[in-house]
Amino acid sequence: MHREAAAVAERPETMAARTVLSVENLVVGYPVDGRMVKPVDGLSFKVHEREVVGLIGDAGSGKSTAALALLGLARPPGKILGGRVEFDGRDLLKLPEAEIRAIRGRDIGIIVQNPRSSLNPMLRIGKQIGYAYEAHNQASGTEVRRKVIEMLRMVGINDPESRAEAYAHELSGGMAQRALIAMALSSKPKLLIADEPTSGLDVTIQAQFLDEMWNTVQKTGSAILLITQELGTLANYCDRVLVLHEGRIVEDAPVRQFFANPQHPYSQQILKLQRERGHSLGLPPVEAGTRPLLATTDLRKTFAVRHTKKLIQAVDKVSLTIGRGETLGLVGESGSGKTTVGRCMLRLLEPSSGSVVFDGEDLVKLPPNDMRRYRSKLQIVFQDPFDSLNPRWSIRRILTEPLDLHTKLSTADKRRRAEELMDLVDLDRALLDRRPRGLGAGALQRINIARALACNPEFIVLDEPTSVLSPRARVGLIELLVRLQKELGISYLFISHDLTTVRYLCHKVSVMYLGQIVETGTVEQVFSKPRHPYSQALLSAHLFPDPTNRRVDSVIPAALEGEIPSPIDLPHGCYLASRCPHVVEACRATPQALEPLEGGQSVRCWRAVAGEIQAFGGAHA
Amino acid sequence: MSSQHTLETADMLPRRRRDWLFGLGLTIVVIVVALAVVGPYIGPYDPTLTTPNVSVPPPSLAEVPGLFSAWISGTLEAPPHWMGTDASGFDVFSRVIAAPRTDLVIALVANGLSLVIGVFLGLIAGYYRNAATEFMMRVSDVMQSFPVFISAMVLVALAGRSTTNIVIALAFVYTPIYVRLTRAEVMSQKVRGFVEAARALGNTELNIAIRHVLPNSLTPALIQASVTIGFAILLTAGLSFVGAGVRPPTPEWGLMISTGANQIILGEWWPSVFPGIAISLTVFGFAVLGNALERRYDAS
Amino acid sequence: MLFRYISKRFAVGLLQLIGLTIAVFFLIRLLPADPVSRLVGMNASPEAYAQAAKQLGVDRPLLAQLATYLGFQPEIAPGLLQGSLGVSWVTGTPVTAEIAAYLPVTLELVTLSFILALAVAVPIGMFGALNPGGKADKGVFVYSLFAGSQPEFWWGLLFVYLFFFTLGIAPAPLGRLSPMSSPPDVVTGFMTIDSLIAGQFDLFVEALHHLMLPVFTMAFILSGPIIKMVRQNMARALQSDFVLYANCAGLPKRRVAGYALRAAMAPSMTLIGILYGFMLSGAVLTESVFSLGGIGQYAINAVLNYDYPAIQAVVLVITAISLVVYLALDLIHAAIDPRIAF
C-alpha cells in the first residue's frame, strides 16, 4: 500500500476542522445488587471532521460502554443516566426514538470487537448488510444487492458475490470484521466508531485491516473514533489521543505530544517503558560459552486429523537452545506451532519425535513418574490468567499446591513460602485468603507466576502471558519478569505475537511459520536485519508504538499475499512459496533448511543465504 | 474483553430484588424438612390409625380461633380435626404433617443415590473417553429414553410396592440425567487452563480428576438435584395416586389425594385438598431454591 | 444432505428402540413379579399354574421368549419383525389393536393441551422478557415457577370440585362423552375430528366440553416451563450482541424484534420436544382423574395386571413417538438456525 505525500499534507490535525461529535458529561450506569455502578461517569470530549481520534484505557475503564452510549444505547440492563451527545448540532439523547434510529448506522457507524457474535447468525451476511443499507436509503432490490457487493469488495473481500451468501459462523474473524465494516460504512457515515476492531486478529491481518479501514475512511471522508488497548494502534493511526480512566477522559492530546510528554499518571504508567528505557530494558547479560540449560533437537509434533489417516504437522524439526538466565522469544502468527513447542518441551503434549535435553537429561525419555518430579524445575505460565487458576481454591491453596507435590515442608513453612511468593510478585499478602474470582487479569497473572516460582524452577515457558492484559498491567508484568530473571537467574521461553514485548524481554528470537523455525538470531539481528521474507513481513506488519514513524505516513513494503496453507497438505518446497514476494521457481521444488549466517543468525531461505534478498531495514530497530 | 466482565456482573442484578421469593422458598423447604424429622410424632392423632369419626369436615375459619383456645385450655375431650377426617376416619391434619417423612425421604434418598452414582459415572465417562465409556453412554441414552412416569410405575409395581423399591425406581430414572450433565461439564472443565496447569505442576491424572476437575464439575448436577427433589416428590405422589406407590395406610400425600378423589365428586373436598396444598407448596419451594441456585451459577 | 440426516437419525433411533426393547424385556422379567399367579390366582393348583405358564410361554428360556417376541420364530407366534406387539395376557386381543384404540385419546389430549399452552404461554413469556424487572415480569416469573411445579392430578380434582360439583359448568369426569351419547365411527381416533367427519356437530361440542377440564389441567402445568423458557430465551436474545448491533446499525424496530424472536424460537424447539415426550408419559395421571381411557390408563391396567406384552408395547410406542417428535422439532430447529448442521 503506497500512500501519496499529498494525503499526508491533508492531515486533519493541521486544519481547524468542524466538530462532528461533542460529548458532555455523559453518564452510564448498571444496577448491581441494588446500587448503580457507573462505568462511564462524566465523559466529555470532541471529535472533528476527518479526524482519527484514539481512545485508550484499561479493561473495565468503560470504553465499550461509552461507544454504545454515543449512539444512545446501553447493553441491557444498563441505562444512560445523563449528559449530552451532540452530533451535527442535535443532542442525540433527546431525540425521539425514530430519529435517533435514523442517525444510527447512517450518520454514525460502529464496528465492535466481537464481530462474529455481532452478526445475526441466522441470516446471510449479504442480506444483513442489505437491511442496514435499506434502513437508511431508498433503493430497489437490485440496487441494494449491487451496493452490498460493492461494499464487500471495498473492504477487501475477494469474491464478494459468494461471500455475501455466507453465514457469520462460516467466516473467519477477520472476514466477519470486514463484513461489519461494510455494514457500518454502507451509508457513508460522518463518524465511524471502531471499538477494538482488531482484537483477536493476527498481526499481519491486523495491520492490513487497519490500513483498509483507514483508507476507506479517507475515501468516504468520515471521522474515526478508534477505541483500543494497543499503544501501537494509537501511534500508527491516530491524530489525537483520549485517555479514558475510571469512566472519564483524563488526557486529551495530539498523538506525538501524548507519547513524548504524557501528563496524567495513568498515561505515564502505560508509556513508562517507552519513555524510560527506549527499546531495551537492560536485560541481565548471559554468560557466553557455557552449556545451554535446555536444548531441543528435531522436535516434531503431529496430530491425527479425525476420521482420516491424515496428519497435521504442528511442529516440524524444531531445534533451539536456551542458556541459563537467558530469554528466547518465539514469535509467529496463530497456527505457527509456537504454543505447541512450549507444550512439547514440558511434555504437556508428548512430542512425536526429537529430544528435549534439560540439564543433561533427555526429558522425552523419562518415565512418567520421573518426569513428574522434574516438573518442579520446569514451569509454565499460560495466556489466559482467568482460566488457569482453579476457581474454587483460595490463592493460598493455589500457591501451596506445588509445595505439597514437590517438597516436604511443614504447614507453617508452606504458609511462609506462600507469603514470600506474594512479596516476590508484588502482591498484597491479604489476597492469600481470597479466591481468584473478582481479581483483575494482571493480579491473576502474577499469581500464576508466583505458583510457577514456588519450587524455584530454572526454566519457565511464558505462553503469551501479556496478551490479555490491559496496557498498564502489561507494563507491570514485563518489568516483573525482567526483575525476576535478574534476581533468580531463571531462563524463559517467551512465546508471543507481540514484537514490542519480545524486544523488551528477549535476548534471542526465533520466528516460526507453519511449524518450522524460519529465522533465529539475537533480538538486535532479527529486529534490525531480518533476513527471511516471512520475518520481514511480520516486522513490517507490526505496529510499533512510535508516532514519529507512523505506518500511515510511510511506504509500506509488500505484504504477504494469500492465506496460510493448510498444515495438513504442506507444499513440498518452501512453505512460504505461495505467499512470498521473492519467490522463484526453485523455491517451490526445494525443501528449505535452516542455514547459519555470520554472527550466529540463521535463516531458512536459500535466497537469503545467497544474499539475494535485501535485508529489510524499515522496522523500528 | 474485560469490559464484558463488568457487563456480565451487571446481569445478575435482579437477584437481590427477588430475595423475598428466595426467603419464601427457603422457609417452605425448612418447614418440610423439619416435618420429615418430627412430623409423625407431633400430630394430634396417630397418622396410621383410624378414628371413629368418619368424613368429618374441617372447622370453618371462624370456628378455628375458639376451637384453638378451647384445645389449648384443655376443655376438649379430643383434639379437633383441623383438616377434617376422611371416609375411613383418618385425621387428615396428622397425616398431612406426617407425610414428609415418606415423601421427602424417598425424594432425598433417591436423588442422593442417583446423584452419587451419576456424578461418579459421569466423571469417568467425561475424563476417560474410550470404547467402554462410550458404551456406557449408549446405555445411559437408552435408559434416558424410557418414559419417566411409566417406567417408574412399571418398576415399582413389578418389584413390589415398597418405599425401597420406589427409591430404586426413582434413582433408576434419574441417574442417566446426572451422568449426562456431569460428563458434559467434565469434558468442558478438563480442557481448561487450570487443569493443564495442575498437570504442569506434577499432579497425577487421578489427582487432577478428583481434586481439580470434579469439584468444578459438580454445579450443574447439584442444581439439577435441587430441582429434581421437587419432581421426585411429584413422581412419588403420582405413583401412589395411580395405585403403584406406597401402600395404605402409610401417610403419603399422593395416596391421601387418591383416597379422597372418590369423595370429591360428592363434595367432600378436604381429604384431597389439604395434602394437595402441601405438595403444591413443597415442590414450589424446591423449584424456587433450584432456580436461585441456577441463576447464581449462570451469573458466575 | 437432509435425506441423509433424517435416515441417519432414524437409524440411530431404531438402534435405541432395539436397545430399549431388549432392556425392557429383561428388566420386567428380572423383577420379582409373578404374572402367572396373578392370572390364575394365588390358590391355583400346580397343574393349573403350569398350564397357564405354558400358555403364556413363560416356561421357555428367556432368550427363546425374546426371539419369539422380536419375531425370529414366526412359526410359534408373530413378533416385532412381523409388526406384532404380541397378545395381551389379560384380554387375549392383539396389543397392536388395543394400542391403536387407546393411543389417539392420549395424543388428542396432549396435542390440544400443547396448543392451548403455547397459545397462552408464548405471549406471556415474551411480555415478561420485553418488560424485564417490572412488577408484571416478576409476576410472570413467579407464575412460571409455580405452574411448573404442580401436581396435575390434584389440580384436575380441584377443577372437578370447582367446575363440576360447585359451579356445574363442566361434565362429570367420566370419559370423553357422556354415557348417553354414542360415539362417532372411529376414523382417526381423535373424538373431536371423528365427530366432525361424521358431521355430528353436537358430538364435537360435547367432546370439547369433556376435554375442557383435562386440557386446562395439562395446559396449566405445561404453561410453567414454556413461559419460563420463552421468557429466558427472549431475554437472552434481546441481550445478544447481534440484536445490540442491529440497533447500532439503526435497523427498524420491527426488524430488530424479528431478529430476536427468531433467535429465541430456535433453542426452544428442543425443550418443547422433551416436554411433549414427558407429557405423553405423564398424561397417565390426568387421564385417570377424568377416566379418559387413553394409553396412560391402559398402562396402569397393564402394570397392575402384570400384562407383560402390553407393558412392553406401551414403553416402546411412547418412546418411538417421542423420538419422532424430537426429530421433527430438530428439523424445524435446523430450518430456523443455519448453524445447526445436518
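**View 1. A salt bridge between Arg84(A) and Asp91(A).** Arg84(A) has a relative accessible area of 29% and is therefore partly exposed (buried is under 20%, exposed over 50%, partly exposed in between; 1.4 Å probe, protein chains only). The side chains of the two residues meet with N and O 3.8 Å apart (a salt bridge needs a side-chain nitrogen of Lys or Arg within 4 Å of a carboxyl oxygen of Asp or Glu).

The model is predicted, so local features need pLDDT of at least 70 and side-chain atom pairs pLDDT 80 or more, while totals for chains, interfaces and linings use all residues. Residues are numbered from 1 along each chain as its sequence is written, chains are lettered from A and ligands numbered from 1 in the order written, and side-chain values use heavy atoms, without hydrogens and water.

**View 2. Further salt bridges in chain A, including Arg429(A) with Asp423(A) and Glu612(A) with Arg607(A).** The closest N and O atoms of Arg429(A) and Asp423(A) are 2.6 Å apart. Arg429(A) is partly exposed at 41% relative accessibility, and Asp423(A) is partly exposed at 37%. Between Glu612(A) and Arg607(A) the N to O distance is 2.8 Å. Here Glu612(A) is partly exposed, at 41%, whereas Arg607(A) is buried, at 16%. One network, joined by salt bridges that share partners, takes in Arg18(A), Glu49(A), Asp88(A), Arg106(A), Asp107(A) and Lys190(A). Over all chains, 57 salt bridges are found.

**View 3. The interface of chain A and chain B, where 37 residues of chain A are in contact with 31 residues of chain B (heavy atoms within 4.5 Å).** About 3,100 Å² is buried between chain A and chain B, 54% of it on carbon and sulfur atoms (accessible area, 1.4 Å probe, lost on putting two parts together and summed over both). In chain A, the residues that lose the most area to chain B are Asp33(A), Asp387(A) and Arg392(A), together 16% of what that side buries. Two salt bridges cross this interface. Arg343(A) pairs with Glu196(B) in a salt bridge, with the closest N and O atoms 2.5 Å apart. On the side of chain A that touches chain B, the elements giving two or more residues are β1 (19-32), α2 (63-69), β16 (378-381) and α16 (395-406) (DSSP runs of H or I, at least four residues, or of E, at least two, numbered from the N terminus). With five residues, α16(A) gives the most to that side.

**View 4. The interface of chain B and chain C, with 48 residues from chain B and 51 residues from chain C.** Chain B and chain C bury about 4,300 Å² between them, 76% of it on carbon and sulfur atoms. Zero salt bridges are found across this interface. In chain B, the elements that give two or more residues to the side touching chain C are α3 (19-42), α7 (131-145), α8 (148-159), α12 (219-241), α13 (253-264) and α14 (270-299). The most comes from α14(B), with 13 residues.

View 5. For Cys344(A), the nearest cysteine sulfur belongs to Cys506(A), 20 Å away. Cys344(A) is buried, at 0% relative accessibility. For Cys574(A), which is also in no disulfide, the nearest cysteine sulfur is that of Cys587(A), 6.1 Å away. Cys574(A) is buried, with a relative accessible area of 14%.

Technical notes. Disulfide = S-S within 2.5 Å.
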